[in-house]
Amino acid sequence: TISLQSIVTTYAFSRGAAFYNRSSFAVRQHVHQNMGVRRTSARKGEKNTNLCMSFQQEKATRPTVLVGVSGAGKELSRLANSVIEMTSGLTSAELSLLQTQPDGDNGVDIGCGVLEPVGKDEMGLWTYDTEIFDELLEEGKIGESDVILLDFGNDYFDLEEGKFSESFEEKYLDLLEHLYNINCPVVFVNVHPEASFMSPRSAATAKRIEEDLIEFSHYEIAVYDEGLSSPTILARDALNSGIDNIKSGEDSSNKKTLPTNRNVDSFDDITNALELNPEDSPENAAKIDQQIKNWNDVEWDLKRLLKLARRPARAVGDAMNKLDFGVDAFFLSLTFPDVRLSKEYLPNFTPDNDAMEFRADLINIAEVINREKVSAEGVIDVNSAEYSDSEKRFHMLRQAGLIRRMCRPYATRAPALETILDAIPLVYTVRTAHQAGTWSDDKEGIEKMFELLMLGLRSGVEVLDVESAWDKDLTKELLDEAEEIYGSTMILGSHHVVPDEVDDQEAIQLFKNCALDGRAHGLKVVLSTSKPENASQAERCRKIAIAQLKEEYGAQKGDIPAIGLVLGETGQESRVLNRHYTPVTHESLPFVAAPGQLSSNEIMKRRVAEGITPKKEYTILGHNIAYSVSPEMHNSAFATCGLPHEYGRSDHETVGEFVETGILSRPSFGGASVTIPHKQNIMPHLQKITDSAKEIGAVNTILVDDSGDERVLTGDNTDWIGIYEPVKRCLRSDEGGVALILGAGGTARAAAYAAKKLNLIPIYYNRTPAKAQELADSFGGEVLSEISEEALESVVQEHGEIRAVISTLPAAAEFEFDEWFFTKTLKESSSKPVVLDVNYKPYNTPLLIQCQAKGCRIVRGSEMLWEQGVQQFERWVERRAPYKVMKDVVLKNCFPKIEEEDDDDGSESDDDVVAVLKQDKVVGEAANATQTA
């Protein structure tokens, strides 16, 4: 019997009665083995590809593995902790407070932890056999919310020398291989040895095992010097300042002797000796602030990568793909040899575009590395440096990460990636020399191109551009890997005809070739012409090719977004005609990526003027709706995306009055939101009703289809999605259980429908049981005649834990639970329920305040409001919504106003909103701290 002692390196938590504190969990029937005796490594053989085939299915239930070699900043353990913050929803301060509690006494279930399988006892160093992990997984002791940390820079590796240490390293690699083969998502945290000030032993290890870490990992992020502490950064920069007497250890002006060794351990002394006090130097204070931001960006990038990796695979022809390759959506083609050179332009071009194209073929990697070396190690001769393939690979990976991080503050059009709202999508491209790029297309060049494309997949790009003209075997190998492992990345098959012209038949075939045998999620063909009358060739051939692909692959798989363009000034009209995901330049940039490129603003002006994207009118139908935030929310979204549409109010006492205005038949009518009291009465005036709207019995969205001979109006319901999405984000698994629904009105029907989609059994309570019974008859579940301890105990025994509480009661009811609900009903639960109150005013209802103080995750009605609005927007305009913009508008209107004595006009300022946000955060933190205590 051995003890799982390793967890003490980070946090140790409980999972209630079903999961003991991991620092005291015992694994039976596994004899502790000194690392001097080990099994023979199988890593030299082939990877177990049969196991990898099920990665897309099993990744959802497996723990995340972080592997790499930490530098002086202990990067891997800090990143592991940040992942736990993400999965638990708690701050680092709250987690630290939980860590101080006695084992098993903290009373808090966060459902996640970090496992670092290494330790030392009287027998020497030890780690785990692979069978232990299998047992932990089988018994549910570790799962998708957990992190397994394999840090080859761990201090334990420095405790032993010689063969014993090498054997220990091999054992750790065996564990990595096993975790990879049982389909745990493995992220290689590639820490730069020199920039991170690794110890000599760690740096040698990093070099020696790099190929193993790449082979047995799925994803990868690059960490340069972002993990270094502030004193280290200040001292490093002082040593690199070019002052010869400081570098030699003698400072004659200040009469101070400085250490000459650049070991990171000496940097605190150097900082003190040079009196590098940030309070006395705005420059040093700015460096510290920047270093904090740099590390936050690294943590953010890892969280983004993990959320993308956990997403379900995208099928070819999926409706979501069309939203991502959206109508009137644009991606900016970056042409800088180093993405950092784009910094001054980012505030201008990022808000006007939906994605960034990272042109790996245009990156001057030697220049990039030299610029890094100058900033970190003093001046270097740019023309003479030679770098290893490993060094070049690292910096290419880092360049892709840097541009995404740099765009964060300006990514107003970014779609939501669960809780990450500022991740602008990347189109990762390696364009070859004969297709308007610079990458060598000889045999060796093409092989290296596919290696770079693989690096793009590992970095977690949203779109991978794959040229269709090259080696079929290499293409198949790449696509196989993409489908098996990287299903959340979309493949864009492409071909550029430069400079020759082709006839229509050849152009149609090029489009079909870009389908990559039915495996591409989107197509892109760029033609060349010298004749203005051929500017429409790409659009004409695109339509024919898609029709043929539908016949060949079926209506869904063949109907994929297709980009068709013609190069040069004569082909500019093709960029106006192309509706999906058009590549663009920007007015602020000094040069364009391709001849004839226009900006998104120029294209939209021409589309509006030519009637390609005509101005549409949208409205909200209801009565007494002056309070509605929907007009501001949707108009802000239209403006952010450069769309000419307008959204207004239609306040009518009856639906008949609304219909009589004739708006439903106007050519300019684009759609509508519907609110009380008209959600049912509007249905007879519509030609189609979606299945969700039929089952819920209410319409809150009107869609317009003018593609046929006659207009078709469709009634849809997005209210249920407004409930489903935020509750799903808060649930820790889809293992079933109970959703307690309070109230029995129209919104309760949407709540019941959402509960079914969440795999939860709806249990209803309403003052009028007969109305609640109607819900049970429609959606299944049971009705409670009262909220009592006995009644809920019976529900839990029969159906499982209460996983969600959804209150559709009016705010005036001021409903709260009795204390026994928390102390008795939820006492044996493995986790507290998610609590949603559909009321968005007041911002904090009594129920939400009570449940948050008891440690429940809460969802406010404001979140439901913007979630259903996002769904409406995307259905109307067939592109991704600017999620954060819509969210911010709703929050600004829902926050309670803070009255201050010096606020003459009594209006709510931006400072008021910030104050409420801070106040709300403090209330939540205090509640969690109280619960812990």
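I looked up Leu 523 first. Beyond its neighbours within four places in sequence, Leu 523 is in contact (heavy atoms within 4.5 Å) with Leu 492, Gly 493, Phe 511, Cys 514, Ala 515, Ile 546, Leu 549, Ile 560, Pro 561, Ala 562 and Ile 563.

The model is predicted: local features need pLDDT of at least 70, side-chain atom pairs count only at pLDDT 80 or more, and totals for chains, interfaces and linings use all residues. Residues are numbered from 1 along each chain as its sequence is written, and side-chain values use heavy atoms, with hydrogens and water left out.

Next, the cores. A nonpolar core is a set of buried Ala, Val, Leu, Ile, Met, Phe, Trp, Tyr and Cys residues joined through side-chain atoms within 4.5 Å. Buried means under 20% relative accessible area, exposed over 50%, partly exposed in between (1.4 Å probe, protein chains only). The largest core has 160 residues, and Tyr 428 and Leu 523 touch the most other members. Helix α15 (residues 389-407) gives this core its largest share, eight residues. I also found a second, separate core of 33 residues; Leu 731, Ala 744, Ala 755 and Leu 760 are among them.

Then I turned to Thr 701. Thr 701 is buried, at a relative accessible area of 0%.

Last, helix α31. Helices (H or I, at least four residues) and strands (E, at least two) are DSSP runs, numbered from the N terminus. In α31 (residues 846-853) I noted Leu 847, Leu 848, Gln 850, Cys 851 and Gln 852 as buried.
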